Amino acid sequence: MSVLYAARRALVHRDEELPIDPRAQKSRESLIRVMIDALDDNPQPPSVSELVRRAGASRPTFYQHFGDIPTLMHAAAMERLEEVFAMLPQQASDPTEPTSPTDFPDNWTRFAAESLTALFTHLSENRAFYLAVLDGPSGRAAESELTRFLAGRMLGFATLRDALTRLTGPRAARYAEFLSAGLLSQATKDLRDDLPVTAMVETTTDFLAAATGLKAA
């Protein structure tokens, strides 16, 4: 991660602690949406002038929120993934339920199949967008942030969290990030090869099963 990018992230986190101006938030959302729509149509991002014109924003507003095109590109990717994960099936995490993966294979396999199918269907349908972000000038920074995002979501799923904790104890978060890096790398390769969703789901499920001891779907 570059020093410049790290500095921008620090500014973002600082700004997130301040009261949000509704007009500024609306401008930010509009710029992100315009970038998403643009990359859906063309892997080459539009210019700042075109972005602000389509978003109904000003150049100073763009630079205030993002600083440059690459930062906006991976902000758009994060926004889109947040929306998708919010719609994915959620696994029950009742602490009274059994925590050994052999106690609930049907629950896990059904959950994995539903969640991964929904996720990879989205990635496949928006293949051009995600490849434009990952192959773009901020690809490495976007990949790093997506890896951390996926690791956090992985730990949010009760069965995966329990399996990772059982295997690695306090290092579960680091192991989740390690697995996420592998999953993202494989998913990117599958998107470039334009593999069918069923093949992507099978590969990922097998990967998680081998890495965590969970029964494959």
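Biologist: Of the contacts with a separation of 6 or more, what share comes from residues 24 or more positions apart?
Modeller: In this predicted model, such residues account for 70% of those contacts in the protein chain.

Biologist: And how many helices and strands are there?
Modeller: The protein chain has eleven helices and zero strands. Read from the N terminus, the order is α-α-α-α-α-α-α-α-α-α-α.

Biologist: What percentage of the residues is buried?
Modeller: Buried residues are 42% of the 217 in the protein chain.

Biologist: Which residues touch the most other members in the largest nonpolar core?
Modeller: That core has 59 residues, and M35, F62, L81, F85, F129 and M154 touch the most other members. Helix α5 gives the most to this core, with ten residues.

Biologist: Where does the core lie relative to the two domains?
Modeller: Between them, because domain 1 (21-67) and domain 2 (77-88 + 106-216) both give residues to this core.

Biologist: Take M35. What is M35 in contact with, leaving aside neighbours within four places in sequence?
Modeller: M35 is in contact with P45, P46, L51, I69, L72, M73 and A76.

Biologist: Switching to rings. How many aromatic pairs are there?
Modeller: Counting ring centres within 6.5 Å, there are five aromatic pairs. One of them is F85 with F149, an edge-to-face pair with 5.2 Å centre to centre and 85° between the planes.

Biologist: Where do F85 and F149 sit in the chain?
Modeller: F85 is in helix α5 (residues 69-87) and F149 is in helix α8 (residues 139-156). They are 64 residues apart, so the pair links distant parts of the chain.

Biologist: Are F85 and F149 buried or exposed?
Modeller: Both F85 and F149 are buried.

Biologist: What about Y175 and F178, stacked or edge-to-face?
Modeller: Stacked, with 6.2 Å centre to centre and 10° between the planes. Y175 and F178 both lie in helix α10 (residues 172-192), three residues apart, which is about one turn of the helix.

Biologist: Which residues form an aromatic cluster?
Modeller: F62, Y63 and F66 form one.

Biologist: Last one, L134. Which helix is L134 in?
Modeller: L134 is in helix α7 (residues 127-135). L134 counts as buried because its relative accessibility is 14%, with the cut-off at under 20%.

Biologist: And what does L134 touch, not counting residues up to four places away in sequence?
Modeller: L134 touches G139, E143, L146 and T188. L134 and L146 are twelve residues apart along the chain, and their C-alpha atoms are separated by 9.8 Å.

Note on methods:
Residues numbered from 1 in each chain as written. Predicted model: local features only at pLDDT ≥ 70, side-chain atom pairs only at ≥ 80, totals over all residues. Heavy atoms only, no water. Phe/Tyr/Trp six-rings, centres within 6.5 Å; stacked < 30°, edge-to-face > 60°. Helix = DSSP H or I, 4+ residues; strand = E, 2+ residues; numbered from the N terminus. Buried < 20%, exposed > 50% of the residue type's maximum accessible area, 1.4 Å probe, protein only. Core = buried A, V, L, I, M, F, W, Y, C linked by side-chain atoms within 4.5 Å. Domains from an automatic or database assignment. Contact = heavy atoms within 4.5 Å.
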